[in-house]
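I opened the notebook to look through this model. The plan was to go from the whole chain down to single residues.

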Amino acid sequence: MTQAHRGTALITGASSGIGAVYADRLARRGYDLILVARNRDRLIAQADRITNDTHRSVEIVDADLGKRAALASVETKLKQDASITLLVNNAGVGTHTPLLDTDVDAMTRMIDLNVTALTRLTYAAVPGFVARGNGAVINIASIVAIAPEMLNGVYGGSKAFVLAFSQSLHHELAGKGVQVQAVLPGATATDFWQTGGLPLEHLPKEIVMSATDMVDAALTGFDRRELVTIPSLQAGEEWDAYEAARRTMAPHLSTAVPAPRYATAR
């Protein structure tokens, strides 16, 4: 059965792993695609396969989002192409290496991609979504957003930004026709680990989810309009309790005088 056309989805990091699965799944759901990644050959192969399988229109953009000129070209497309109804901010880089064993220039490049590029692309897309009263943003974060001790601290900090940014966007855009979802995958079977210097086979099999299962679970959360989706978390009430505790504290975080527990002894 042919799916109804749902507009165009722009997916970053779309040539492999999680991004490639999103491309396949969204095309089958009725989206045309704009696939963004650095590897042109992989993008061409991906586009040909999806077009043959789904007959959806697939445009490719070979761009390194860590470079400002390339990023600006994708921003322009998001601003000008009114057919775009979904932005999937998937492009990112990470490492398992301890904070003090990593090169600060490499960490800066990580921030440029994981934080700056994601922010600028979202800023480029959202005003048009609001003006048209329709659109969605899916931001791929990580479980290290709430468990930063697990991996490199800059990586965890960058993903904590993605989570906080998504929560704030949802708060501001509620009622404006724009859906926001933050996805927090655990260990996923992609090139991430090899690129970061830790071969996937060195991880315990019981903690590693396939990219296909991860994306399918995330899209189920998207269909349920979840703001935060954690595909591995079996007990959803644990997240509910975590979020409830945060909201309980919120009204008490700013006062005119220090809390009595910080009173100076006299």
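How much accessible surface does the protein have, and what share of it belongs to carbon and sulfur atoms? I found about 14100 Å², with 53% belonging to carbon and sulfur atoms. I kept in mind that this is a predicted model.

**Entry: the whole protein**

I counted eight helices and nine strands. I then took the box along the principal axes: the C-alpha atoms fill roughly 75 × 45 × 40 Å. Buried residues make up 46% of the 266. I also looked at contacts with a separation of 6 or more, and 69% of them join residues 24 or more positions apart.

**Entry: the cores**

I went looking for nonpolar cores next. In soluble globular proteins, nonpolar side chains tend to be buried together. The largest core here has 37 residues. Leu10, Val36, Leu65, Val74 and Leu78 have the most contacts inside it. Which elements each supply at least two residues of this core? I listed strands S2 (32–37), S4 (84–89) and S6 (178–183), along with helices H3 (68–80), H4 (104–132) and H5 (153–173). H4 gives the most, with eight residues.

I picked out Leu65 and checked its neighbours, leaving out residues up to four places away in sequence. Leu65 touches Thr12, Val36, Leu71, Val74, Ala91, Leu113, Ala117 and Leu121. I also found a second, separate core of 29 residues, which includes Ala9, Ala23, Ile50 and Ile140.

**Entry: helix H7**

I checked the length of H7, residues 211–223. At 1.5 Å a residue, its 13 residues should span 18 Å, and the end C-alpha atoms are 18 Å apart, which agrees. Which residues of H7 are buried? I noted Ala211, Met214, Val215, Ala218, Leu219, Gly221 and Phe222. They cover an arc of only 155° around the axis, so they lie on the same side of H7. Arg225 follows H7, and its phi is positive, near 60°.

**Entry: Val208**

I located Val208 in the loop between helix H6 (192–195) and strand S8 (209–210).

Definitions and conventions
Residues are numbered from 1 along each chain as its sequence is written. This is a predicted model: local features need pLDDT of at least 70, side-chain atom pairs count only at pLDDT 80 or more; totals for chains, interfaces and linings use all residues. Side-chain values use heavy atoms; hydrogens and water are left out. Helices (H or I, at least four residues) and strands (E, at least two) are DSSP runs, numbered from the N terminus. The expected span of a helix is 1.5 Å times one less than its number of residues. Buried means under 20% relative accessible area, exposed over 50%, partly exposed in between (1.4 Å probe, protein chains only). The arc is that of the directions from the helix axis to the C-beta atoms. A nonpolar core is a set of buried Ala, Val, Leu, Ile, Met, Phe, Trp, Tyr and Cys residues joined through side-chain atoms within 4.5 Å. Contact means heavy atoms within 4.5 Å. Accessible areas come from the Shrake-Rupley method with a 1.4 Å probe; for residues, only the protein chains shown count as cover.
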